[in-house]
Amino acid sequence: NKIHLGDCYKLIKEIPDNSVDCIYTDVPYKYDMGSCGSSELAQRIKKKKDDLIANDIYDGLNYEILNEFLRISKKVNCYIWCSKLQINEIMNFFLSKGYFFEILVWCKTNPTPSTNNVWLPDLEYCLYFRESGVKLNDGYEFKSKWYITPINKSDKDLFEHPTIKPIELVKRHLLHTTQENDIVFDPFVGSGTTCVGAKDLNRQYLGIEINPKWHKIACDRLNCVTAGGQQ
C-alpha cells in the first residue's frame, strides 16, 4: 500500500516472484510525433503533443519489462493501456505464450476534431491478458468490453495528468478480475488512478512512478488532496 518514487525497470526486479494478483497499468505511449500545421486545430494538437513530451510519456515502452510482469504474477492477470502503435508487439508477446486476451476500449464522445486525412482519435485501447485459473467475477455490469464517456476533463483539471483514465472504468475492470485484499500493481502510476481505485475497492496496491511531480500528486490523491492542494 505504497507508491514508490523511482525507475520501475529497476525497482520491479526487487518484487518477489509470484507475488502480485493483478497488474493494471497505463504505459508510456508511443506516438507518431509528426509535424503540425498552423491552423487553430493544428496548434491544439501540437499543444497536446508538447504536453506528452514535457511529461516523458511519448516515447513508448521497453518491452523487456513484460518478462518481469510474468515473473511477479501469481497468475497472469494483466491490463495494459497502450497506443495503437504498441498493440502488435504487446499482443505478440502474450499470445506467443498462450494466454487468453481481450481488447477493451474507452470510446470518447467528444474527441479532438483532428479530421485532416485521419480517423478521429475517439478510442483508447486496453489489452487484457489472463491465465487459465484467473477468476472472472459475476456481474453483467462488469463484462462490457467498451466504455463510453466524454473525455476525462474533470479528472484532468483535478490531477493535471494528460492521459488520466476514468476511475470508474478502472474500478469496473478491477471488480471483474480481482478479489478483496488482492495485490494490484502499477509500475507507471502517473496521477495514481490505479492505486486509488484499488484502495477504494479494498484491494491492496503497489505503485512506482519515476516523475517526482506525478509521484507527489498520486500520493496526495490517496489522501483525497488534488494537485492544487484542495481537500
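Which residues form one aromatic cluster? The members are Phe93, Phe94, Tyr99 and Phe129. The model is predicted.

**Aromatic pairs**

The count of aromatic pairs comes to 6. One of them joins Tyr9 and Phe188. This pair is edge-to-face, with 6.0 Å centre to centre and 70° between the planes. Tyr9 sits in helix α1 (residues 8-11), while Phe188 sits in the loop between β7 (183-186) and α7 (193-200), so the pair ties together parts that are 179 residues apart in sequence. Tyr9 is partly exposed, at 25% relative accessible area. Phe188 is buried, at 14%.

Phe93 and Phe94 also pair. Their ring centres lie 5.1 Å apart and their planes stand at 85°, so this pair is edge-to-face. Phe93 is buried, with 15% relative accessibility. Phe94 is buried as well, with a value of 0%.

**Burial of selected residues**

| Residue | Relative accessible area | Class |
|---|---|---|
| Cys8 | 5% | buried |
| Cys22 | 1% | buried |
| Phe101 | 36% | partly exposed |
| Arg221 | 6% | buried |

**Cysteines**

How many disulfides does the count come to? The count comes to 0. A disulfide is a covalent bond between the sulfur atoms of two cysteines. For Cys22, the closest cysteine sulfur is in Cys78, at 7.4 Å. The cut-off for a disulfide is 2.5 Å between the sulfur atoms. The Cys22 sulfur is therefore too far from that of Cys78 for a bond. Cys22 itself is buried, at 1% relative accessible area. Cys8 is buried too, at 5%.

**A buried arginine**

Is Arg221 buried or exposed? Arg221 counts as buried because its relative accessible area is 6%, and the limit for buried is under 20%. Arg221 is part of helix α8 (residues 212-222). Leaving aside residues up to four places away in sequence, Arg221 touches Asp155, Phe159, Ile164, Ile167, Ser191, Gly192, Thr193 and Val196.

**A nonpolar surface patch**

Where is Phe101 placed? Phe101 lies in strand β4 (residues 100-108). Phe101 is partly exposed, at 36% relative accessibility. With Leu95 and Ile103, Phe101 forms a nonpolar patch on the surface. Together the three residues have about 230 Å² of accessible area.

Technical notes
Residues numbered from 1 in each chain as written. Predicted model: local features only at pLDDT ≥ 70, side-chain atom pairs only at ≥ 80, totals over all residues. Heavy atoms only, no water. Patch = residues over 30% accessible without salt bridge, like charges linked within 9 Å, V, L, I, M, F, W, Y side chains within 5 Å. Areas by Shrake-Rupley, 256 points an atom, 1.4 Å probe, with all protein chains shown as cover. Salt bridge = Lys/Arg side-chain N within 4 Å of Asp/Glu carboxyl O. Helix = DSSP H or I, 4+ residues; strand = E, 2+ residues; numbered from the N terminus. Buried < 20%, exposed > 50% of the residue type's maximum accessible area, 1.4 Å probe, protein only. Contact = heavy atoms within 4.5 Å. Phe/Tyr/Trp six-rings, centres within 6.5 Å; stacked < 30°, edge-to-face > 60°.
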